[in-house]
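Here are my notes on this model, as promised. They cover a group of aromatic rings and a helix packing.

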Amino acid sequence: MVEDTSNGEKLDPVARQILDLLAAREAGATIGPSDAARAFFEVRRKPSDPADGWRGYLHAAKQQALHLARAGRIEMLRRGEVQDPHKPVKGVVRLRLPSKS
């Protein structure tokens, strides 16, 4: 499990899920916000929940990904190019840990 930030700020559980998923993959591997939403949902899933209940967490996953990217903890990619998280990013994005260059 990835630790909270060093300044004492607690991470949102969805943000923690994103970082945990990325940490479990090899360097340079990416995930989509939907992967984080699905993983977050599966941990909290009840037997009565619908199979597509993860969609309820998709907006939160996208928002937390943007928050993490603005903090420099992850990179957002569109068509393989790192995007500036302070500018509007439209369309499909992938997430990865920052490259060590």
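**Notes on the rings and the helices**

1. Start with F40: its relative accessibility is 7%, so F40 counts as buried (buried is under 20% relative accessible area, exposed over 50%, partly exposed in between, with a 1.4 Å probe and protein chains only). Before going on, note that this is a predicted model, where local features need pLDDT of at least 70, side-chain atom pairs count only at pLDDT 80 or more, and totals for chains, interfaces and linings use all residues. Residues are numbered from 1 along each chain as its sequence is written, and side-chain values use heavy atoms, with hydrogens and water left out.

2. How many aromatic pairs does a search of the whole structure find? Two, where rings of Phe, Tyr and Trp (its six-membered ring) pair if their centres lie within 6.5 Å, and planes under 30 degrees apart count as stacked, over 60 as edge-to-face and the rest as tilted. F40 and Y57 make an edge-to-face pair, because their ring planes stand at 70 degrees, with the centres 4.9 Å apart. F40 sits in helix 2 and Y57 in the loop between helix 2 and helix 3 (58-70), so this pair ties together parts 17 residues apart in sequence. Helices here are DSSP runs (H or I, at least four residues), as are strands (E, at least two), numbered from the N terminus.

3. Y57 has 27% relative accessibility and therefore counts as partly exposed. Y57 also pairs with F41: centres 6.3 Å apart, planes at 40 degrees, so tilted. Again distant parts of the chain are linked, with F41 in helix 2 and Y57 in the loop, 16 residues apart. F41, at 4% relative accessibility, counts as buried.

4. On to the helix packing. The axes of helix 1 (residues 13-23) and helix 2 (residues 33-44) come within 9 Å and cross at roughly 115 degrees; axes are lines fitted to C-alpha atoms, for helices over the stretch in contact, and angles run from 0 to 180 degrees between N-to-C directions. That makes helix 1 roughly perpendicular to helix 2 (65 to 115 degrees; under 35 is roughly parallel, over 145 roughly antiparallel, the rest oblique). On the helix 2 side, the contact (heavy atoms within 4.5 Å) includes F40.

5. Helix 1 is mostly covered, with eight of its 11 residues buried. What covers those buried residues includes helix 2, helix 3 and strand 3 (94-96).
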